[in-house]
Amino acid sequence: MKKTILLLFLLTFSALFSQSVREMFSEAIIDWAKGDISSAQQKIEEIFYKPIPAENLAEFWYLRAKLMIETGRVREAYEDLKNLLVIVPDQPEVLSLVHNLEFILQGKESDSFNMKTLKTLQGFKDGIEYFLTPTDVAVFGESIYIVDPVNNRLIESDGFNFNVKTLSFQPEQVFTNRDGNVFLISRDGRVFKNEKEIGKFLNPIGAGVLNSGEFTLADVDKIVLISENGLKREIPIDGKPLIVDAEVYCRQVVVLDTWSNSLIVINVDTESQKNIPLPVPTRSFEIFYDGSYLLLDQSGNLFHFDGKKLQTVGQIPQYVNIEYEYPYLFGMNWDKNSIEISLLKSSEPIFVHIDSFELTVDKMFLYVRVENAFGRDIDLVQLFSDLFEARGRVPFEVSHELREYTVYISDEEFLSKKVYQINDRKGYCVVVPPDIAFSDEQLAVLKLKNVNLYTSPEANTSLKDFCYRSGGGIGEPHFLKHNLWVFSFSYVKPITEEIIPISVSFKTPDMNYSDTVYVTKRVIELGLK
């Protein structure tokens, strides 16, 4: 009888103790969501001095690792997460975070490419012709812009529905910038911004929008930069090129000269130029996220070229034109009157971050960033994402917003001290001195905290590269808004002290990139307050 009473006492004590640990965990989650990192860190560390229920160990460990990264203990968090994979080898958010950290800390290079067509936009749908001769595509947020010159049309689609606008000219090329402005180039050489004419040229081939806000094009033998106030600057191109394609990357304009079968790279600040001979006869090219190239040859073979090594990616002879907006390859197929969307990437990670969440009585709202390995926004997230509650997929809605960065100038103490005082993850562009010290560990902190670094042109090459990898760049920040994806769903209200994981996942051919937050009965109580 005494043994039975003692056993009941121990079980009751253990249950109460576990409950108090879960309550501390719930409070740490709310502190994290509010941006009170020091309080959340203190609570989670206290928990690890107490007995943790075995069934909740993975959740406690994952949250602790994220808090460790935000407070600068990056290497320690990485080792803990690798140990956690021994316990939960297939948990998506743990795999994602380990993959992200390995990319940052070990500098793993792209080795192979995956390309898979996941969605097709049909020009004829439900008996209606939306587009017939698509020649170009651009994306922004949740919108796909398609030009149909034969029909004088600009089509906007969310991947399911179409909004058709008839224009007074034949649009042949389309571009967007990070503020959502739409640039069009007509068949007769006119350039429009939001359908207002801003210039006319002999044979303009659009390159894109620089991070300074200038719309850039190649016109016969020169580069033309059009500022937001309409001012134009020209940079002559050496030699007598026959330009058939153009792209922008950082502060460079790259054009394809079909006479020499080479790329001409023009620095818009110094106006210096260099030629990169191509290993295959190329009819068009795109730029990968890291500045390397995707080359399409005359036979429709697609290659990746980093300046030295050539890799075969796939064959796409059915496309009359392609556009690439990482990680999406858009193929314009005239035979089938369609645009095919493929996911094309290598082994580099995609960063999915749940920055915070809010609760109402009926719904939960998750505020999510999805970025490439250099901190640039990924669009069309609504087409390739999922939401999971307790590891099971649930119905959800997703909307796109633009969130404005806060910009300020800091000193040499930013990376060593001040970055850890930023807690809210709402987005910061920080200008730092050209001689600031930095490390790969600090890059992991910047990405989790949603901080982009900028520095002056006088900085060394390593610091400039570091700033680009953070999502920033050189000079003063220009585009001051970034994508924010709001996932909402009707959540389950737990009646016990169970911990329910809520995960957002971005699906690619190689893996699902994911982040997770947790809901408990106590989290809901505190969140609703």
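Tutor: Start with phenylalanine 506, whose bridge partner in strand 38 is tyrosine 513. The model is a predicted one. Strand 37 (residues 500-507) and strand 38 run antiparallel and are joined by 8 bridges. Between these two strands lie 4 residues, and the pair forms a hairpin.

Strand 38 covers residues 512-519, and because 7 of its 8 residues are buried, the strand is largely enclosed by the rest of the structure. In a regular strand, side chains alternate between the two faces of the sheet.

Phenylalanine 357 touches Val517, and its other contacts include Val523, Ile29, Ile30, Trp32 and Ala33. Met364, Phe365, Leu366 and Tyr367 are also touched by phenylalanine 357; residues up to four places away in sequence are left out of this list.

Phe357 also belongs to the largest nonpolar core, which has 135 residues. Together with Leu366 and Phe414, Phe357 touches the most other members of that core. Helix 3 (residues 57-70) supplies the largest share of this core, with 9 residues. Another core, of 15 residues, lies apart from it, and among its members are Ala218, Ile235, Val255 and Val268.

Phe124, Leu132 and Val150 make a nonpolar surface patch of about 260 Å². Phenylalanine 124 sits in strand 2 (residues 124-125). Its relative accessibility is 48%, so phenylalanine 124 counts as partly exposed.

Definitions and conventions:
Residues numbered from 1 in each chain as written. Predicted model: local features only at pLDDT ≥ 70, side-chain atom pairs only at ≥ 80, totals over all residues. Heavy atoms only, no water. Core = buried A, V, L, I, M, F, W, Y, C linked by side-chain atoms within 4.5 Å. Buried < 20%, exposed > 50% of the residue type's maximum accessible area, 1.4 Å probe, protein only. Contact = heavy atoms within 4.5 Å. Patch = residues over 30% accessible without salt bridge, like charges linked within 9 Å, V, L, I, M, F, W, Y side chains within 5 Å. Areas by Shrake-Rupley, 256 points an atom, 1.4 Å probe, with all protein chains shown as cover. Salt bridge = Lys/Arg side-chain N within 4 Å of Asp/Glu carboxyl O. Pairing = 2+ DSSP bridges.
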